[in-house]
Amino acid sequence: MPRQLGDLEDAVMTRVWQWNRPVTVREVLEDLQRERSIAYTTVMTVMDNLHQKGWVRREVAGRAYRYTAVSTRAAYAAALMNEAWSKSDNPAAALVAFFGMMSTDQRAALEDAVRMVRGDRPEVVPEESPLESTQSTAEGLPEAGTEETPEETQEEPVQEVPEEGPQEVAEGADSDPGAGR
């Protein structure tokens, strides 16, 4: 299980994760120097430590190394949460307390994550099938004069339904000579 990154390790890894490409010590150094005064050798040591801890892999590029993240920030955060949760003597109480600390946006993200893990799709309402939805909607509509039973619908081709529409429009247009002018 990973331990939490130190402040400087986190600052370096944040850049590696955000840039999502192989980076050099010099690139990280130049970006860090916008926020604080820091030596090249300090950044080099931190990146070497991150390599030894398995957070980054490196490859030789000329006289320098290029470092790439081994996993994502999300995987890192998940590992930290799992480690903290596994240390609890009452995991259910720890989860309840954790959920109580969450913002509305965090709870929504949690609900989305649970749906993804279950394989649910957010736009599907599991309580009612599309067939039930269609039948309950159709029951409240006024009669159109061409109501069919489910058996008739299954026997007739679907293409016949659109043909009735234009005929009704054509008949209505014949009865009102001024229509469409």
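Which helix holds aspartate 112 and arginine 115, and how many residues apart are they?

Modeller: The model is a predicted one. Aspartate 112 and arginine 115 lie in helix H6, three residues apart, so about one helical turn separates them. Their side chains meet in a salt bridge, with an N to O distance of 2.6 Å. Aspartate 112 is partly exposed, at 38% relative accessibility, and arginine 115 is likewise partly exposed, at 26%.

Glutamate 27 and arginine 21 meet through their side chains at 3.1 Å, N to O. Glutamate 27 has a relative accessible area of 25% and is therefore partly exposed; arginine 21, at 36%, also counts as partly exposed. The salt bridge between glutamate 83 and lysine 87 has an N to O distance of 3.5 Å. Here glutamate 83 is buried, with a relative accessible area of 17%, whereas lysine 87 is exposed, at 64%.

The patch is formed by Met81, Trp85, Leu95, Phe98, Phe99, Met101, Leu110 and Val114, which together have about 700 Å² of accessible area. Helix H5 provides the largest share, namely four residues. Methionine 101 is located in helix H5; its relative accessible area is 65%, over the 50% cut-off, and methionine 101 is therefore exposed.

The buried nonpolar residues form a contrasting part of the picture. In soluble globular proteins, nonpolar side chains tend to be buried together. The largest nonpolar core in this model has 22 residues, and those that touch the most other members are Val12, Met13, Leu32, Val43, Met47 and Leu50. Two or more residues of this core come from each of helix H1 (7–19), helix H2 (25–32), helix H3 (40–52) and strand S2 (64–69). Helix H1 gives the most, with six residues. As for valine 43, once its neighbours within four places in sequence are set aside, its contacts are Val25, Val28, Leu29, Leu32 and Ile38.

Note on methods:
Residues numbered from 1 in each chain as written. Predicted model: local features only at pLDDT ≥ 70, side-chain atom pairs only at ≥ 80, totals over all residues. Heavy atoms only, no water. Core = buried A, V, L, I, M, F, W, Y, C linked by side-chain atoms within 4.5 Å. Buried < 20%, exposed > 50% of the residue type's maximum accessible area, 1.4 Å probe, protein only. Contact = heavy atoms within 4.5 Å. Patch = residues over 30% accessible without salt bridge, like charges linked within 9 Å, V, L, I, M, F, W, Y side chains within 5 Å. Areas by Shrake-Rupley, 256 points an atom, 1.4 Å probe, with all protein chains shown as cover. Salt bridge = Lys/Arg side-chain N within 4 Å of Asp/Glu carboxyl O.
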